[in-house]
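Subject: Structure for your review

Dear colleague,

Please find below the structure that I am handing over to you. My findings follow it.

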Amino acid sequence: MDRDLKILVVDDFSTMRKIVKDLLNELGFYHHDEADDGETAWPMIQTGKYDFIISDWNMPQVSGIELLKKVRSDVNLKDTPFLLITAEAKRSQILEASDAGVDAYIVKPFTAATLNQNIHEILQNFNN
């Protein structure tokens with residue numbers, strides 16, 4: 001697995017961004033930036049410099065699901081791996097995320113092992 005991925009972590013809570021970035025560091029992923037919501041993240045993503053996006057679902061301005069839909073509708077970005085993190089485990093939300101093209105969906109709280117497994121599976125699917 002390529003540990004040199006450039007990852008964007010999007011969450012409106014700075015504590016959660018720190019937790020995710022610390023877990024990424026623990027897993028050997030050291031190249032990451034952060035954004036505090038989808039509105040801030042979108043122009044960053046449009047630069048095309050990110051190999052992977054990890055986003056919270058529930059955020060003000062532009063939610064994670066809205067951000068996912070923007071990414072999937074952009075011809076230059078549509079194949080960017082996208083992992084949604086949320087406190088919600090409702091079947092309707094999981095289906096909505098799946099329909100929107102999410103690559104994986106993690107419910108909080110989660111461990112480094114869960115994050116690693118999801119990243120690994122997403123990347124394995126993209127490399128096949």
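In which hand, left or right, does α2 pass α3 in their crossing? Before the answer, please note that this is a predicted model.

The crossing of α2 past α3 is right-handed. Helix α2 covers residues 38–46 and helix α3 covers residues 64–73. Their axes come within 10 Å and cross at roughly 20 degrees. Angles under 35 degrees count as roughly parallel, so α2 is roughly parallel to α3. On the side of α2, the contact is made by G38, A41, W42 and I45; α3 contributes L67, K70 and V71. Sorted by class, the residues in this contact of α2 with α3 are 5 nonpolar, 1 polar and 1 charged.

Two individual residues also deserve a description.

The first topic is R17, which is part of helix α1, residues 14–26. R17 has a relative accessible area of 10% and is therefore buried. Leaving aside residues up to four places away in sequence, R17 touches V9, D11, D12, E34, A35 and D36.

The other topic is L27, located in the loop that runs between α1 and β2 (32–35). With a relative accessible area of 15%, L27 is buried. Its contacts, again without residues up to four places away in sequence, are R3, A112, L115 and N116. Between L27 and E66 there are 28 Å in space, C-alpha to C-alpha, and the two residues are 39 residues apart in sequence.

Yours sincerely

Methods: Residues are numbered from 1 along each chain as its sequence is written. This is a predicted model: local features need pLDDT of at least 70, side-chain atom pairs count only at pLDDT 80 or more; totals for chains, interfaces and linings use all residues. Side-chain values use heavy atoms; hydrogens and water are left out. Axes are lines fitted to C-alpha atoms, for helices over the stretch in contact, and angles run from 0 to 180 degrees between N-to-C directions. Helices (H or I, at least four residues) and strands (E, at least two) are DSSP runs, numbered from the N terminus. Angles under 35 degrees count as roughly parallel, over 145 as roughly antiparallel, 65 to 115 as roughly perpendicular and the rest as oblique. A crossing is left-handed if the near helix is turned anticlockwise from the far one by less than a right angle, and right-handed if clockwise. Contact means heavy atoms within 4.5 Å. Ala, Val, Leu, Ile, Met, Phe, Trp, Tyr, Cys and Pro count as nonpolar, Asp, Glu, Lys and Arg as charged, and the others, Gly among them, as polar. Buried means under 20% relative accessible area, exposed over 50%, partly exposed in between (1.4 Å probe, protein chains only).
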